[in-house]
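Please open the structure in a viewer and keep the selection tool at hand.

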2 protein chains.
Amino acid sequence: MQAIIASTSTVYGSSYLEYLLPELKTHFKNIDEVLFIPFARPGGISHDDYTAKASEGLEPCVESVIGLHKFEDMKEAISNAKAIFVGGGNTFLLVKQLHELGLMSVLKQSIESGAKYLGTSAGSNICGLTMQTTNDMPIVYPPSFETLGILNFNINPHYLDPDSSSTHKGETRETRIKEFQSLNSTIVVGLREGSWIKINNSENTLQGDLPAIIFEPGKQAYELSPNSHLKF
Amino acid sequence: MQAIIASTSTVYGSSYLEYLLPELKTHFKNIDEVLFIPFARPGGISHDDYTAKASEGLEPCVESVIGLHKFEDMKEAISNAKAIFVGGGNTFLLVKQLHELGLMSVLKQSIESGAKYLGTSAGSNICGLTMQTTNDMPIVYPPSFETLGILNFNINPHYLDPDSSSTHKGETRETRIKEFQSLNSTIVVGLREGSWIKINNSENTLQGDLPAIIFEPGKQAYELSPNSHLKF
């Protein structure tokens with residue numbers, strides 16, 4: 001497997017995908033066409049507009065980006081793709097579409113057979129065992145919370161540290177993740193913005209400038225530095 | 001109907017339920033016993049411990065607080081209750097339990113027949129048409145997102161204004177609510193911490209010191225001041 005699983009598509013002060021371009025130029029080397037899955041539709045953007053945005057973002061790396069929604073046989077399109085990008089937006093919407101169109105297992109198979117994967121935000125969330133550590137609102141009802149499971153843990157993208165100066169009484173991200181683990185034994189990796197996981201064959205490493213925070217059930221949360229192996 | 005639907009159980013710098021006590025003393029006047037529904041289990045707290053906490057918080061107003069989990073026939077307990085408090089925590093967990101135990105419609109009936117209701121956070125979320133504007137993580141899979149519908153709109157509790165100084169690229173609360181409305185035509189009321197909705201017969205008014213923010217599909221979001229009627 002070859003995958004880039006990024007916390008966010010965009011870091012503060014730079015353009016869409018810009019911070020990932022050096023990595024993506026290597027990742028998508030010799031790739032002419034990327035299949036884009038626009039189902040997460042951030043802010044309700046149309047599939048066409050979102051695909052145009054992805055195309056613009058990837059323009060320095062690949063010649064052509066084509067939206068999955070354009071294919072009559074989506075399963076075939078995924079199976080044939082040499083590279084796949086699943087963009088961010090709403091994870092519930094993305095997961096609902098993938099399940100209802102019967103694409104979740106096809107996508108997993110394609111990645112395991114060598115299609116080069118890029119996921120950002122919701123597109124990274126689905127690489128975990130379930131989508132249950134998403135930050136998104138349940139704007140639609142998916143038939144299941146299960147996801148690809150190309151990682152043997154869950155991702156929390158856009159991870160935010162508790163703000164000790166805050167007067168807000170809503171739960172912190174940490175509290176929410178621990179609440180998840182009071183009922184589920186899945187490990188959760190909090191990926192800060194600007195971080196990504198690189199899967200190179202069976203090796204997962206943390207990339208970017210920031211440490212990740214690791215929640216193992218029953219343990220104190222701890223950090224792992226960039227270039228660490230994520231092996232649990 | 002007589003209900004208090006609060007954004008949060010606790011405001012910064014005061015104890016559990018403290019800011020609501022003047023209102024609750026009137027609301028629960030002549031009430032000896034409050035039935036507490038502890039299913040949302042914040043932080044994975046046990047039903048017993050959560051009930052003890054609710055009991056302590058309500059101590060200045062009512063003599064006795066009893067947890068729903070203690071009853072063999074929960075439907076009967078809800079139907080017979082003169083006052084019901086549904087505490088906050090995880091909305092997915094709360095809604096799953098209420099549906100799976102067949103209690104959602106019984107609870108609605110009991111409130112409509114005059115049981116005095118108090119909800120905080122998740123317990124307020126369920127007063128809307130659906131739980132789809134919760135801030136919580138989907139830590140369990142409920143059989144449906146439908147909720148009580150004693151309000152004809154949805155609630156977003158712990159509403160947070162966008163922070164224009166933030167460098168974080170995760171979605172703001174406003175963006176998430178608008179994303180919900182790109183697929184659903186439900187009105188959403190963002191209740192800031194310290195605000196509550198008071199239902200007095202068929203009249204809903206906004207209480208507390210802060211304005212609420214109203215999201216109507218296709219309109220610019222706008223604010224309503226304290227004491228405004230919430231009628232859409």
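**The largest pocket**

By class, 9 nonpolar, 16 polar and 16 charged residues make up the lining of the largest pocket. The model shown here is a predicted one. The volume of the largest pocket is about 1,300 Å³. To find its centre, select Leu160(A), Arg173(A), Leu160(B), His168(B) and Arg173(B), which are the closest to that centre of the 41 residues in the lining.

Next, select residues 173–181 in chain A and 173–181 in chain B. These are helix H7 of chain A and helix H7 of chain B, and each supplies at least two residues of the lining of the largest pocket. The largest share of that lining, 3 residues, belongs to H7(B).

**The second largest pocket**

Which residues are the closest to the centre of the second largest pocket? Select Ser9(A), Thr10(A), Pro42(A), Lys169(B) and Glu171(B): of the 18 residues lining the second largest pocket, these are the closest to its centre. Then select helix H2 (47–58) of chain A and H7 of chain B, the elements that give two or more residues to the lining of this second pocket.

The volume of the second largest pocket is about 330 Å³. Its lining comprises 3 nonpolar, 11 polar and 4 charged residues.

**The interface of chain A and chain B**

Now colour the two chains separately and turn to the interface. Here 46 residues of chain A are in contact with 46 residues of chain B. The two chains bury about 3,700 Å² between them, and 62% of this area lies on carbon and sulfur atoms.

Select Arg176(A) and Asp136(B) and display their side chains. These residues form a salt bridge in which the closest N and O atoms are 2.9 Å apart. In total, 2 salt bridges are found across the interface of chain A and chain B. Polar contacts between chain A and chain B number 23 residue pairs, with both residues at pLDDT 80 or more.

For the side of chain A that touches chain B, select helix H4 (91–100), strand E6 (154–159) and H7 of chain A, the elements that give two or more residues to this side. Of these, H7(A) provides the largest share, 5 residues. By class, the side of chain A that touches chain B has 19 nonpolar, 19 polar and 8 charged residues.

Note on methods:
Residues numbered from 1 in each chain as written. Chains lettered and ligands numbered in written order. Predicted model: local features only at pLDDT ≥ 70, side-chain atom pairs only at ≥ 80, totals over all residues. Heavy atoms only, no water. 1 Å grid on protein atoms, 1.4 Å probe; cavity = no way out; pocket = protein on both sides within 12 Å on 5 of 7 lines; lining within 4 Å. Points joined across faces, edges and corners; volume = space filled by probe spheres on them. Helix = DSSP H or I, 4+ residues; strand = E, 2+ residues; numbered from the N terminus. Nonpolar A, V, L, I, M, F, W, Y, C, P; charged D, E, K, R; others polar. Contact = heavy atoms within 4.5 Å. Buried area = accessible area lost by both parts, 1.4 Å probe. Salt bridge = Lys/Arg side-chain N within 4 Å of Asp/Glu carboxyl O. Polar contact = N/O pair within 3.5 Å; in protein donor to acceptor, adjacent residues only side chain to side chain.
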